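Notebook, opening page: I have the sequence and the coordinates side by side, and I want to record what I look up, entry by entry.

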Protein chains: 2
Amino acid sequence: MAEEKMNHRDEAVIVLKEDAKRILQLIKVQMDNLTLPQCPAYEEVLDTQMYGLSREINFAVRLGLIEQEEGKKLLQTLEKELSTLHELSMNKQ
Amino acid sequence: MAEEKMNHRDEAVIVLKEDAKRILQLIKVQMDNLTLPQCPAYEEVLDTQMYGLSREINFAVRLGLIEQEEGKKLLQTLEKELSTLHELSMNKQ
């Protein structure tokens with residue numbers, strides 16, 4: 001039983017980190033090719049994606065698959081990475 | 001082990017159905033008190049909520065907690081209920 005629980009927990013963290021990586025990648029591609037960070041479309045895409053991930057994390061917390069603190073850290077890490085990316089992009093212009 | 005797996009699956013379905021119910025309730029309150037279904041704010045709230053739920057369902061499917069077909073049915077049921085609600089609200093006006 002404990003093993004099975006561990007498996008779902010491990011999986012949950014892997015899937016959530018995959019999604020965080022996917023958002024970062026999406027924003028990178030957008031910055032490199034399409035829109036400027038000041039563009040409302042960029043903000044909207046980012047907001048939607050962050051909202052989607054926060055809902056997934058909230059769902060995982062409610063199922064007891066991850067700790068609330070762990071979920072919060074995951075979002076904060078992504079936010080920091082996005083902020084670094086944003087700064088780099090601003091400096092390039 | 002099988003029992004533990006069953007527990008997470010049952011929980012996942014319960015949590016997802018709770019969220020579907022919450023969306024329906026939110027839209028009901030909005031229709032009764034605040035905005036007309038034609039209002040863009042209403043559409044936006046609904047779109048955001050449906051997107052959030054679809055992300056939770058997608059996450060549960062990827063973890064193997066629910067079947068893809070089950071997730072699809074859950075969304076379709078909610079869409080039908082929202083559509084009925086919308087029609088009732090239109091007839092009242």
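Entry 1: I began with Phe59(A), which counts as buried because its relative accessibility is 0% (buried means under 20% relative accessible area, exposed over 50% and partly exposed in between, with a 1.4 Å probe and protein chains only). I then looked up Phe59(B), and this residue is also buried, again at 0% relative accessibility. I note that this is a predicted model, in which local features need pLDDT of at least 70 and side-chain atom pairs count only at pLDDT 80 or more, while totals for chains, interfaces and linings use all residues. For my own bookkeeping, residues are numbered from 1 along each chain as its sequence is written, chains are lettered from A and ligands numbered from 1 in the order in which they are written, and side-chain values use heavy atoms, with hydrogens and water left out.

I searched for aromatic pairs, taking rings of Phe, Tyr and Trp (its six-membered ring) with centres within 6.5 Å, and calling planes under 30 degrees apart stacked, over 60 edge-to-face and the rest tilted. The count over all chains is one aromatic pair. Phe59(A) sits in helix 2 (residues 40–62) of chain A and Phe59(B) in helix 2 (residues 40–62) of chain B, so the pair joins two chains; helices here are DSSP runs of H or I with at least four residues, strands are runs of E with at least two, and both are numbered from the N terminus.

Entry 2: I recorded three helices and zero strands for chain A, in the order α-α-α along the sequence. Of its 93 residues, 38% count as buried. Among contacts in chain A with a separation of 6 or more, 70% come from residues 24 or more positions apart, a contact being heavy atoms within 4.5 Å. The mean pLDDT of chain A is 83, and 84% of the residues score at least 70, on a scale of predictor confidence in each residue that runs from 0 to 100. For the complex, the predictor gives an ipTM of 0.72 and a pTM of 0.77.

**Entry 3: the interface.** I find 24 residues from chain B and 24 residues from chain A in the contact. The two chains bury about 2400 Å² between them, with 60% of it on carbon and sulfur atoms; this is the accessible area (1.4 Å probe) that two parts lose on being put together, summed over both. How many salt bridges does the rule find across the interface of chain B and chain A? It finds ten, where the rule asks for a side-chain nitrogen of Lys or Arg within 4 Å of a carboxyl oxygen of Asp or Glu. On the side of chain B that touches chain A, helix 1 (2–34) and helix 2 of chain B each supply at least two residues, and the largest share, eleven residues, comes from helix 1 of chain B.

Entry 4: Is Asp19(A) buried or exposed? At 3% relative accessibility Asp19(A) counts as buried, and Arg55(B) is buried too, with a relative accessible area of 8%. Leaving aside neighbours within four places in sequence, the contacts of Arg55(B) include Gln49(A), Gly52(A) and Leu53(A), while Asp19(A) is in contact with Leu53(A), Glu56(A), Arg55(B) and Arg62(B).

Asp19(A) also forms a salt bridge with Arg62(B), whose closest N and O atoms are 2.7 Å apart; this pair, too, runs between chains, from helix 1 of chain A to helix 2 of chain B. Arg62(B) is partly exposed, with a relative accessible area of 32%.

**Entry 5: Arg62(A).** I logged a salt bridge between the side chains of Arg62(A) and Glu56(B) at 4.0 Å, N to O. Arg62(A) lies in helix 2 of chain A and Glu56(B) in helix 2 of chain B, so this pair joins two chains. Arg62(A) counts as partly exposed at 31% relative accessibility, whereas Glu56(B) is buried at 0%. As a last item, salt bridges that share partners join Glu18(A), Asp19(A), Arg22(A), Glu56(A), Arg55(B) and Arg62(B) into one network.
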